[in-house]
Amino acid sequence: MNDRLQQTGGEVRLYVESALRADIRIAAAEGQAHYLLHVMRARVGRRIRLFNGRDGEWLAGIAEVGKHRCIFECLNRIRAQSASPDIWLCFAPIKKTPADYLAQKATELGVAVLQPVITRRTVVTRVNTERLRANAIEAAEQSDRLTVPEVREPVALHSLLAGWPTERLLIFCDEAGDGLPLAQALRKSNSKSWTVLTGPEGGFDPVERDAIRAHPSVVPVSLGPRILRADTAALGALSVFQAIAGDWS
Ligand code: SAM
């Protein structure tokens, strides 16, 4: 059982789907109850922190326990809900690095949406989005985020481009190297919504590169002189984004 309940400053922090307000009682999900009761040996009265991506973070107490169930009671809000930078990651899943790892790290780096993209050279065609979401929740709990990224079903590159929201900047990580340095492209942009797009192990094929570059919302960028693995490129681009245009500055 993954350690879905994260110790953050002495308290367990949990993501729940339900609304959060004073005195509301919430039943722990099955995995959460098992872990709290049988691994953490938590008992009635134990304090935990709850968030749902909408109502901020709340202090709660374990109000009731059973063999396989645990009921929380919300006490008071300890953090107001705050907005995070509007950054998405569109990535061609790769074989060597499980998408789980990318989902965890991209969540820690603050992405709002994880969108697997199937390109002509994408070797991995089946993506377990339920697993990705479970990894994203675990990383959100651990990293003190107040939101959990939305994990979308895989989409073909041409469909992604065809339905692209024109106001959203699409930062195309193009290993051909003739794009602007990423930091320079970010400094030049006054966009309020961004996306990083990275390709598979074999890169984008020439037809795909032309189609991506022809899109009006696309800015081709370089991530330096070395060819990075797809996961390195995605996480590196997200880090530069947060430092230049996100919430690290
Ligand atoms: N075509 C590459 C080659 O020649 O070996 C392989 C693709 S690379 C392993 C995977 C993806 O990471 C690329 O499609 C691109 O999105 C991104 N990437 C890697 N290095 C990059 C760089 N220096 N600049 C921009 N993007 C890069």
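Colleague: Which polar side-chain atom lies 2.7 Å from a nitrogen atom of the ligand?
Modeller: One from Glu175. I call that a polar contact (a pair of N or O atoms within 3.5 Å). Keep in mind that this is a predicted model: local features need pLDDT of at least 70, side-chain atom pairs count only at pLDDT 80 or more, and totals for chains, interfaces and linings use all residues. Residues are numbered from 1 along each chain as its sequence is written, and side-chain values use heavy atoms, with hydrogens and water left out.

Colleague: What about backbone atoms of Arg226?
Modeller: A backbone N or O atom of Arg226 lies 2.7 Å from a ligand nitrogen. A polar backbone atom of Cys173 is 2.6 Å from a ligand oxygen.

Colleague: How much of the ligand does the protein bury?
Modeller: 83% of the 580 Å² that the ligand exposes taken alone. Those are accessible areas (Shrake-Rupley method, 1.4 Å probe).

Colleague: How many residues surround the ligand?
Modeller: 19, with Leu223 and Leu228 among the closest. To count, a residue needs a heavy atom within 4 Å.

Colleague: What classes are in that shell?
Modeller: Nine nonpolar, six polar and four charged residues. Gly counts as polar here.

Colleague: Switching topic. How many salt bridges?
Modeller: The count is 21. The rule is a side-chain nitrogen of Lys or Arg within 4 Å of a carboxyl oxygen of Asp or Glu. One of them joins Arg25 and Glu73, at 3.3 Å from N to O.

Colleague: Where do those two sit?
Modeller: Arg25 is in strand S3 (residues 25–27) and Glu73 in strand S6 (residues 70–79). They are 48 residues apart, so the pair links distant parts of the chain. Strands here are DSSP runs (E, at least two residues).

Note on methods. A polar contact is a pair of N or O atoms within 3.5 Å; within protein, one must be able to donate a hydrogen and the other to accept it, and residues adjacent in sequence count only if both atoms are side-chain atoms. Helices (H or I, at least four residues) and strands (E, at least two) are DSSP runs, numbered from the N terminus.
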